[in-house]
Amino acid sequence: MTVNSPLQFVTDLFANGRRAELARLLGVNRSTITGWDNAERRPDGMGGTIPAAYVPKLLKIAAQRGITLDLSKLFPS
């Protein structure tokens with residue numbers, strides 16, 4: 001599997017590639033997830049990343065599901 005962005009990595013890992021399912025898990029609207037991938041609406045270099053405010057929620061979901069989450073894949077290098 002080729003992963004192009006942290007958002008794609010998380011969507012594939014937690015929601016089988018479905019953004020609507022990721023939005024449901026995080027308790028946000030699907031358009032919020034779509035906005036994270038919109039380079040024009042995000043600061044330079046941040047398109048496709050997950051805002052830091054959602055990382056604790058992802059960690060909690062990962063722990064509940066027994067998923068090992070590689071934090072280095074959540075932040076752009």
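# Helix packing around H2 in a predicted model

The axes of helix H2 (residues 19–26) and helix H4 (residues 55–65) come within 10 Å and cross at roughly 100°, so H2 and H4 are roughly perpendicular to each other. This description rests on a predicted model, and the values below are computed from that model.

**H2 against H4**

- On the H2 side the contact is made by Glu 21, Leu 22, Leu 25 and Leu 26, and on the H4 side by Lys 57, Leu 58, Ile 61 and Arg 65.
- Sorted by class, the residues of the contact of H2 with H4 comprise five nonpolar and three charged residues, with no polar ones.

**H1 against H2**

- Two packed helices are described by the angle between their axes and the distance between the axes.
- For H1 and H2, the axes come within 9 Å and cross at roughly 80°, and that angle, lying in the range of 65 to 115 degrees, makes H1 roughly perpendicular to H2.
- Leu 7, Val 10, Thr 11, Phe 14 and Ala 15 in H1 meet Arg 19, Glu 21, Leu 22 and Leu 25 in H2, and by class this contact of H1 with H2 has six nonpolar, one polar and two charged residues.
- Thr 11, whose place is in helix H1, has a relative accessibility of 4% and therefore counts as buried.
- Leaving aside neighbours within four places in sequence, the residues in contact with Thr 11 are Asn 16, Gly 17, Arg 18, Arg 19 and Leu 22.

- Within H2, the residues Glu 21, Leu 22, Ala 23, Leu 25 and Leu 26 are buried, and what covers the buried residues of H2 includes helix H1 (6–15), H3 and H4.
- In soluble globular proteins, nonpolar side chains tend to be buried together.
- The largest nonpolar core has 19 residues, of which Val 10, Phe 14, Leu 22, Leu 26, Ile 33 and Leu 58 touch the most other members.
- Each of H1, H2, H3 and H4 supplies at least two residues of this core, and H1 gives the most to it, with five residues.

**The aromatic pair**

- A pair of aromatic rings is described by the distance of the centres and the angle of the planes.
- The count comes to one aromatic pair, formed by Trp 36 and Tyr 54, which is tilted, with 4.9 Å centre to centre and 55° between the planes.
- Because Trp 36 lies in helix H3 (residues 30–36) and Tyr 54 in the loop between H3 and H4, the pair ties together parts that are 18 residues apart in sequence.
- The two partners are classed separately by accessibility: Trp 36, at 6% relative accessibility, counts as buried, whereas Tyr 54, at 22% relative accessibility, counts as partly exposed.

**Loops and backbone**

- Most residues other than glycine have a negative phi, and most peptide bonds are trans.
- Asn 16, a residue other than glycine, has a positive phi, near 50°; the place of Asn 16 is in the loop between H1 and H2, and with a relative accessible area of 66% Asn 16 is exposed.
- Gly 27, which follows H2, also has a positive phi, in this case near 75°.
- Thr 49 lies in the loop between H3 and H4 and is buried, with a relative accessible area of 2%.
- Leaving aside neighbours within four places in sequence, Thr 49 is in contact with Pro 6, Trp 36, Arg 42 and Pro 76, and among these Trp 36 is also a member of the aromatic pair.

**The segment after H4**

- Ser 72 has its place in the segment after H4 and counts as exposed, at 53% relative accessibility.
- The C-alpha atoms of Ser 72 and Val 28 are separated by 24 Å, the two residues being 44 residues apart along the chain.

Technical notes
Residues numbered from 1 in each chain as written. Predicted model: local features only at pLDDT ≥ 70, side-chain atom pairs only at ≥ 80, totals over all residues. Heavy atoms only, no water. Axes fitted to C-alpha atoms, helices over the stretch in contact; angles between N-to-C directions. Helix = DSSP H or I, 4+ residues; strand = E, 2+ residues; numbered from the N terminus. Parallel < 35°, antiparallel > 145°, perpendicular 65-115°, else oblique. Contact = heavy atoms within 4.5 Å. Nonpolar A, V, L, I, M, F, W, Y, C, P; charged D, E, K, R; others polar. Phe/Tyr/Trp six-rings, centres within 6.5 Å; stacked < 30°, edge-to-face > 60°. Buried < 20%, exposed > 50% of the residue type's maximum accessible area, 1.4 Å probe, protein only. Core = buried A, V, L, I, M, F, W, Y, C linked by side-chain atoms within 4.5 Å.
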